[in-house]
Every structure is written in C-alpha cells, then in structure tokens.
Amino acid sequence: MAELYHDEFSVGVLENQLASYIIDVHERFSDLHRLCDLSKRLVQTKKHSNYPLVFRLVKFVLLLPVATASVERVSSAMKLINNDLRSRMNDEFFSGCLVPYVEKNMFDSISNDAIIKTFQI
C-alpha cells in the first residue's frame, strides 16, 4: 500500500515506525482481532500521534472496501445508462444523468416542487 501511495508515505520512515510500533504495542494490542479495533485502540491510547504513518496505513486499509464498492456501483450504473443514447451525449450531460442515478436515495428525498423552484430563479 505504501508503494502505491508514495506521496503519502516515506517507505523508510514507515518501516522505522512499524518496527517501533511492533516493539512498543505488541503485547498491549495482542487481544485485538479486527483492523477497526486496532484503529480505535490507537486513538484511545493516543498512539496514532506517535505512529502517524502506521495509523494512515490502517485508515487506507479500512477505506479500501468502501472505495471499491463505490466504484463498482458507479460502473454498474454506467452500464445501464451507457447505450445508443450515450454515444450522442457529451460528457457533462452523461455525468449529469449518472449522479442522480447513483445517488437516487438522496434525490428521492427532494420534492419535485423544490427542484422546480430552484430552476425557476
């Protein structure tokens, strides 16, 4: 992960922090079974400030499944919208169609009257 995000991590510094982290917290954190528990314990013990790169790495790993699911959801929506009509749309119009489709739960909560009033002004 650190090699993919080399702007976020200095690999040498990360290696030093990981080595220190393992020595410092190995026994106190040995009862943890999930990454989210590790993240919580790092914050509770304020070790996240001692090992910022380790904490950033844990956050990246926790965010990865969410980011992957979001990309897959958008990709599926694009396949539904991407048809013969899409080949005649410009990118801005396509994006304008895609966002409401992907975020339909949020858009369902907005009344048609509110949308009409917004565009009448």
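Figure 1. D37 is partly exposed, with a relative accessible area of 21%. That value sits just outside the buried class, because buried means under 20% relative accessible area. In this predicted model, D37 forms a salt bridge with R34, and their closest N and O atoms are 3.5 Å apart. Side chains of opposite charge can pair when their charged atoms come close.

**Figure 2. A second pairing, between R41 and D31.** How many salt bridges does the count come to? The answer is two. In this view, the side chains of R41 and D31 meet in a salt bridge, with 3.1 Å from N to O. R41 belongs to helix α2 (residues 35-44), while D31 sits in the loop between α1 (11-25) and α2, so the pair ties together parts that are ten residues apart in sequence. With a relative accessibility of 43%, D31 counts as partly exposed.

Figure 3. Which residues of α2 are buried? They are L38, S39 and L42. Looking down the axis of α2, you would find its buried residues within an arc of 100 degrees, so they line one face of the helix. Turn to the other side of α2, and K40 and Q44 are exposed. Just after α2 comes K46, which takes a positive phi of about 60 degrees.

Figure 4. Is V74 buried or partly exposed? At a relative accessibility of 30%, V74 counts as partly exposed. Setting aside neighbours within four places in sequence, V74 is in contact with L98 and V102. V99 can be located from here too: V74 and V99 are 25 residues apart along the chain, and their C-alpha atoms are separated by 8.8 Å.

**Figure 5. Stepping back to the protein chain.** After the close-ups, here is the setting they share. The protein chain has seven helices and zero strands, so its elements, read from the N terminus on, run α-α-α-α-α-α-α. Of its 121 residues, 21% count as buried. The accessible surface of the protein chain comes to about 9400 Å², and 58% of that belongs to carbon and sulfur atoms. Among contacts between residues at least 6 apart in sequence, 49% join residues at least 24 apart.

Conventions:
Residues numbered from 1 in each chain as written. Predicted model: local features only at pLDDT ≥ 70, side-chain atom pairs only at ≥ 80, totals over all residues. Heavy atoms only, no water. Salt bridge = Lys/Arg side-chain N within 4 Å of Asp/Glu carboxyl O. Helix = DSSP H or I, 4+ residues; strand = E, 2+ residues; numbered from the N terminus. Buried < 20%, exposed > 50% of the residue type's maximum accessible area, 1.4 Å probe, protein only. Arc of directions from axis to C-beta. Contact = heavy atoms within 4.5 Å. Areas by Shrake-Rupley, 256 points an atom, 1.4 Å probe, with all protein chains shown as cover.
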